[in-house]
Amino acid sequence: MEFVPAGFVLLQQLEPRIMDWGWVRENFAEDVLPALVGHVYLSGVSLAIALAISLPTGVLVARYRKAYPPVVFLAGLLFTIPSLALFAILVTVPGIGIGPNAVIIALVAYSILVLVRNTVAGLDSVPPETIDAARGMGLTARQILFKVELPLALPVIVAGVRIATVTVIGIATIGAYIAGGGLGQLIFDGIDRLFPTMIITGAALATALAVAADVGLLLLERRLRPWARRAGGQG
Amino acid sequence: MTPEGIVRVFLRPQFPELLLTHVELSALAVGIAVLIALPVALAVRSSPLGTAVAINVGNVGRAVPSLALLALALPFLGFGFAPSLVALTALAIPPILINATTGLREVSDEVVDAARGMGLSESQILRDIQLPIAAPVIFAGVRTSAVQVVASATLATFIGGGGLGNLIVEGFQRGDEAILLAGALSVAALAVATEVLFGALERALTPKGLRLTRRKRTK
């Protein structure tokens, strides 16, 4: 029998077990890229739907203040429910079942709280004098909303979009458990097969995606701040 | 699936054990996270660079998906309670670190100057002025962290950490909606209870003199 130093055996056993780059290369087009694309798709669709619901809702409840506390209470309650629990509840609802739809519904539900809250906070931050001035210039209520209030509220709204995006990208990984696809699929497959390479690839890409979205939207948020625009010297 | 079926799951002898593991994992993770994050926040409080580093590390840490952290514990630490606890602690640190750092930073310089002028020592200023004023903000971080950890502890089941997530996985594997919903509803109830409990504690911890101005600010 050939003599092999113990340390070498250990290294040989451990190294491919922790990160097998060969697997990543061979399965990039087949497994890794589709998981990443699926993840971006799930998150993007959910955020788009959530914005389409939250922006009008935010504008409405900013006007009709009585509706604000119940809306925030309901959205806050939804936000508190752990994602795996919400997924489990949704898949038992007839007509939903397992798959991307249940994941998207949950992701939309989670985004509404922060998006509505920040839309209202953004509209609140517009100085009343500015609105008075706009009215004095003869702008209609609709013009004031679209040309004065919403543009001034935009940095705060984008701050909300940023929090929602990071949350959605994180929770979407768990959606793979109910067949939603995305990067969580790599993580769960890796756990099932006890194959660390898949776990690390999925986890690292999901983290990178969330951090990139966070930093990207933070930069956008800073650009949108009126004082930043003035300091930058561009209109 | 009937309501009785769900109740039957709650009456199982293993149910209290799962609940206890879930609470244990969460409480230990948040407790250890406080013991790590608070000293760090105190250490960096007088250094603008340290404060900026702590806040940025916290922000990046907060973006890491919870499933990613738990799953990453598996190849390096293995299956079970301890690896889950390590991952959940790492998850619990960022909100506490961010809030403790910003809370201490936002105690106004005039107040600290006035205290110094009255002859208070640095440790007295920290104990009697800075910490009480920052307490609500720090505690808000602990609350965010606790709610998040209770939710994420559900995922510990995937790396053998136990807890109420076991029921959800069992429900899925057997295709049994009663078990699935029993798991989901108990986890949801625990998360909401955590939120309510910590919300009440946060209000109780706010020094009387700060209550009015805080309400105005958070309108």
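Q: How do helix 2 and helix 9 of chain B lie relative to each other: parallel, antiparallel, perpendicular or oblique?
A: This is a predicted model, to start with. Helix 2 (residues 15–44) of chain B and helix 9 (residues 177–205) of chain B pack at an angle of about 40°, so the two helices are oblique to each other.

Q: And how far apart are the axes of helix 2 and helix 9 of chain B?
A: The axes of those two helices are 12 Å apart.

Q: Is the crossing of helix 2 of chain B and helix 9 of chain B left-handed or right-handed?
A: Helix 2 of chain B makes a right-handed crossing with helix 9 of chain B.

Q: Which residues meet there, between helix 2 and helix 9 of chain B?
A: From helix 2 of chain B you have B:Phe15, B:Leu19, B:His22 and B:Val23, and they meet B:Ser186, B:Val187 and B:Leu190 in helix 9 of chain B. Sorted by class, this contact of helix 2 with helix 9 of chain B has 5 nonpolar and 2 polar residues, with no charged ones.

Q: Stepping back, how many helices and strands does chain B have?
A: Chain B has 10 helices and 0 strands. Its pattern along the sequence reads α-α-α-α-α-α-α-α-α-α.

Q: What box do the C-alpha atoms of chain B fill?
A: Roughly 70 × 40 × 25 Å, taken along the principal axes of chain B.

Q: What about helix 5 and helix 7 of chain B, at what angle do they pack?
A: Helix 5 and helix 7 of chain B pack at about 160°, and their axes are 8 Å apart. That angle makes helix 5 of chain B roughly antiparallel to helix 7 of chain B. The crossing of this pair in chain B is right-handed, and the contact residues of helix 5 with helix 7 of chain B split into 14 nonpolar, 9 polar and no charged.

Q: Pockets next. What volume does the second largest pocket have?
A: The second largest pocket comes to about 270 Å³.

Q: Which helices supply at least two residues each to its lining?
A: Those are helix 5 (81–105), helix 6 (109–117) and helix 7 (122–152) of chain B. Helix 6 of chain B gives the largest share of the lining of the second largest pocket, 4 residues.

Q: How does that lining divide into nonpolar, polar and charged?
A: The lining of the second largest pocket has 4 nonpolar, 2 polar and 6 charged residues. Among the lining residues are B:Arg45, B:Arg105, B:Asp109, B:Asp113, B:Arg116 and B:Glu122.

Q: Over to chain A. How do helix 4 and helix 7 of chain A pack?
A: Helix 4 (residues 83–91) of chain A and helix 7 (residues 141–175) of chain A sit at an angle of about 55°, with their axes 10 Å apart. They are therefore oblique to each other, and the crossing of helix 4 and helix 7 of chain A is right-handed.

Q: Which residues meet between helix 4 and helix 7 of chain A?
A: A:Ser83, A:Leu84 and A:Phe87 of helix 4 meet A:Ile171, A:Ile174 and A:Gly175 of helix 7, both in chain A. By class, that contact of helix 4 with helix 7 of chain A has 4 nonpolar, 2 polar and no charged residues.

Q: Last one: where is A:Gly97?
A: A:Gly97 is in the loop between helix 4 and helix 5 (100–124) of chain A. Apart from neighbours within four places in sequence, A:Gly97 is in contact with A:Leu90, A:Val91 and A:Ala102.

Methods. Residues numbered from 1 in each chain as written. Chains lettered and ligands numbered in written order. Predicted model: local features only at pLDDT ≥ 70, side-chain atom pairs only at ≥ 80, totals over all residues. Heavy atoms only, no water. Axes fitted to C-alpha atoms, helices over the stretch in contact; angles between N-to-C directions. Parallel < 35°, antiparallel > 145°, perpendicular 65-115°, else oblique. Left-handed = near helix turned anticlockwise from the far one by under 90°. Contact = heavy atoms within 4.5 Å. Nonpolar A, V, L, I, M, F, W, Y, C, P; charged D, E, K, R; others polar. 1 Å grid on protein atoms, 1.4 Å probe; cavity = no way out; pocket = protein on both sides within 12 Å on 5 of 7 lines; lining within 4 Å. Points joined across faces, edges and corners; volume = space filled by probe spheres on them.
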